[in-house]
Each structure stands twice: as structure tokens, then as C-alpha cells.
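Please look at the structure below and keep the sequence beside it while you read.

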Amino acid sequence: MGASASGKSADGDRRIGRRALVVGSLAAAAGTAALARDELARLWWRVPGVEKPRKPGEVDYAGARWLAASDANWRRADRPDDYRIDMVVVHVTQGDLDSAVKAFQDPGHRAATHYIVGQDGRVTQMIRELDVAYHAGNRDYNERSIGIEHEGFVDRPEDFTDAMYESSARLTARICARYDIPVDREHIIGHVEVPGTDHTDPGPHWDWDRYMKLVRRARTAAQA
Ligand SMILES: [Zn+2]
């Protein structure tokens, strides 16, 4: 979200044609018995349209609580197989956690992020990382990114608590590890840096140096 939330998503669906095409060609290949059985099984999961199993309430980040966003605020996908994930977008809610949750559950909001980090450090997941959340106001960036909201206001630096920075940094480090995303400011960006956006979050009080240091530390710790 951000200071001038316009709620635009501009995100249709062009995947059906591509899905049908890929599934069709795989079926043809299988028909010629050209693929060994184990190779077919492996490839099967790489085919957009053949979705990975999902369990209700399942989260991508251990310890997150699950609260489903309205399905009007995201698009079903099968990332990273159909779209590569190479970016994390940092947002600020411009409201408290409950109001952000309510907005994301509202089909009329037309926007939501995958995660919200509270001032107490608690992580709420509302959209699966598999899926494309409407949060960046830019279709390409939505398709390639994970969006994380932070509870607070851009003009209140005291809203960005130690617990929030640390928890969010661990979450981002985990996402970077999972999708092999470099930990740098090319790949971990603010909503304000998305091309074409009219949003200002996370704003001038978000401490990027501190945040990136914490992400790097968490990423290194995870590797050890
Ligand atoms: Zn935002």
C-alpha cells in the first residue's frame, strides 16, 4: 500500500493460452514415449498449469499465521515455475495491522501483499508465494516479486520497531534463499522504486542500511 493508495492492479490473465500450449506439447512428447518415466515425472512439475499441491492454511514461512486475502486481490499462479521470482518489495501499511488485514480481505480493495509484518514482529501470510499478489501497481513487478507490508505510517519512524526490522529481515532472507535472489538493493526494493508507481512507501524513515545488514546477517546465518 502506501501514501497515495490508488488501488490499481491492472492485472488480467494471459496465461491460459500458454498453459494449453505447453500441456499440449508435453502430451504429444509423452505420446511418442520419448521421455523416460522419471524425467516425465520431474518435468510434470515444471509445466505451468500443472499446479503443485496446496493445503488449506499452509504457509510458506514457518511461524507465519495464515489469514487468506480475498481472491480478488491476487491471481493464481505456479511460481517460480511459470514466473521467476527475483525481487522482494517493501511496503508500509499506512494503518494498523487489523486495518491492513481487513483491506486485503476486501474484494473491492484490488490490492494485497503476500505478507504483513506487525510492529511486534509477528508475520501474517495472506497470499501464497506461488501466486501473484497485486501490490506493486506494475504487472511485471507483481509477477516477479514477493510483497511485504510493514505495520505503520511512513511519517512515523517510531513505528519501525526493532522487532519489525529483525522479523522482516529474517523473512526476506528466507525468501532470498528459497529463490536464489541476491541480497542487494537491486532485488530488495521499496514500493516507491517500482517504475510508474505513485506510492511513496516505505518512505524516508525506513532504514535501508540497517535492514539490508540484518537481511545479510540472517541469510549468512541460514547458510551456516
Ligand atoms: Zn506499497
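Which exposed residues does the face of α6 turned away from its buried side carry? They are Asp209, Thr220, Ala221 and Gln223, where exposed means that 12 or fewer other C-beta atoms, placed from the backbone, lie within 10 Å of a residue's own, buried means 20 or more, and partly exposed is in between. This is a predicted model, in which local features need pLDDT of at least 70 and side-chain atom pairs count only at pLDDT 80 or more, while totals for chains, interfaces and linings use all residues. Residues are numbered from 1 along each chain as its sequence is written.

The buried residues of α6 are Tyr211, Leu214, Val215, Ala218 and Arg219. Because they cover an arc of only 135 degrees around the axis, they lie on the same side of α6; the arc is that of the directions from the helix axis to the C-beta atoms. Among the elements that cover these buried residues are α5 (162-179) and β8.

Aspartate 207 is partly exposed, because 14 other C-beta atoms are within 10 Å. From aspartate 207 to proline 157 is 50 residues in sequence, yet 9.1 Å in space, C-alpha to C-alpha.

In the protein as a whole there are six helices and eight strands, which are DSSP runs (H or I, at least four residues, for helices; E, at least two, for strands) numbered from the N terminus. Of the 224 residues in the protein, 38% are buried.

Methods:
Two residues are in contact if their C-beta atoms, placed from the backbone, lie within 7 Å.
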